[in-house]
Amino acid sequence: MARIPASERRAALVQAALRVVSQRGIAHATTRAIVAEAGMSLASFHYAFDSRDELIDELITTVVAREQEAVLPDDLQGHDIRDMLEAGLLRYFEHLRADPEHEQAMLELTQYALRSPERHPLAIAQYDKYTELGARSLAAAAELAGVVWTTPVEQVARVLIAFTDGLTLTWLVTRDDDVARAVAHAAADALSRMAEPR
C-alpha cells in the first residue's frame, strides 16, 4: 500500500466503508472493520484520514454526489407529463430494486447525520442536492410535455422527494413490488395535477 497515493487510499476506504455500512450498519463501521474490508492496515487508514468521523463525513458527501435522480428515458418525447412522471418513478424503483443495500446505507447515513449536530448540515446538503436534481428533471419533463408547473418547481421537487422517500422505506421493509408500483402510479397522478398546459 506504500505506493498508493493518498487520494486513491481515501477512495478505496470510502468504498469499503459504504460496503460495511450497507451490509452491517453504521454501528459496525469501525475503523478496524473498514480497513479489513479494504484490505489495508490501520496505518494506511491514518495516512488517509485523521479519524473515523472524517471518513464518515467524506462517505456521506461521496454518496450524495453519486445519488442520481431517475433520468427520463430518451423515448418520452410526445408523452404527457403524467406518463413521464410515472416512468421516472418506476426507473427510480428499478434502481432501488437493483441495489437495495445502497439505499439502506443512504438512510442510515442520513439518520447518523441527523443525530450529530456537527453533521446535521450534511443531511441538509443531501436533501438540497436531491431537490436540485429533482427540479432539473421536472423542468426537463415539463418542457418535453409542453406544460408549466403551477407552483415553483423546487416545491414540486420536494413533493417528489417525499414520495420517493416513502416508496423507498416501504419497499425496503415489505419488498412488495406491486405496492411500490402502486405508489409510483399514485405519485404520478398527484404530481401531474401540479402542472397545466403551456
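How much area do domain 1 and domain 2 bury between them, and what percentage of it is on carbon and sulfur atoms?

Analyst: This is a predicted model. Domain 1 and domain 2 bury about 1,300 Å² between them, and 68% of that area is on carbon and sulfur atoms.

To place this contact, start with the division of the chain. Domain 1 covers residues 6–64, and domain 2 covers residues 72–197. Between the C-alpha centres of the two domains the distance is 28 Å. Domain 1 gives 15 residues to the contact, and domain 2 gives 12 residues. For scale, the C-alpha trace of the chain spans about 60 × 35 × 30 Å along its principal axes.

Side chains of opposite charge can pair when their charged atoms come close. Two salt bridges are counted between domain 1 and domain 2. The structure as a whole holds 15 salt bridges. R119 and D57 form a salt bridge in which the closest N and O atoms are 2.4 Å apart.

On the side of domain 1 that touches domain 2, the elements giving two or more residues are α1 (6–24) and α4 (52–66). Of these, α4 supplies the largest share, nine residues. By residue type, that side of domain 1 divides into eight nonpolar, four polar and three charged residues.

Helix α1 also takes part in a link to helix α2. E37 forms a salt bridge with R19, and their closest N and O atoms are 2.7 Å apart. E37 sits in helix α2 (residues 31–38) and R19 in helix α1, so this pair links distant parts of the chain, 18 residues apart.

The structure holds three aromatic pairs. In the pair of F93 and W171, the ring centres are 5.9 Å apart and the planes stand at 80°, so the pair is edge-to-face. F93 lies in helix α5 (residues 81–98) and W171 in helix α8 (residues 153–174), so the pair ties together parts that are 78 residues apart in sequence.

These helices belong to a chain with nine helices and two strands. Read from the N terminus, the elements run α-α-α-α-α-α-α-β-α-α-β.

Terms used. Residues are numbered from 1 along each chain as its sequence is written. This is a predicted model: local features need pLDDT of at least 70, side-chain atom pairs count only at pLDDT 80 or more; totals for chains, interfaces and linings use all residues. Side-chain values use heavy atoms; hydrogens and water are left out. Domain bounds come from an automatic or database domain assignment. Contact means heavy atoms within 4.5 Å. Buried area is the accessible area (1.4 Å probe) that two parts lose on being put together, summed over both. A salt bridge is a side-chain nitrogen of Lys or Arg within 4 Å of a carboxyl oxygen of Asp or Glu. Helices (H or I, at least four residues) and strands (E, at least two) are DSSP runs, numbered from the N terminus. Ala, Val, Leu, Ile, Met, Phe, Trp, Tyr, Cys and Pro count as nonpolar, Asp, Glu, Lys and Arg as charged, and the others, Gly among them, as polar. Rings of Phe, Tyr and Trp (its six-membered ring) pair if their centres lie within 6.5 Å; planes under 30 degrees apart count as stacked, over 60 as edge-to-face and the rest as tilted.
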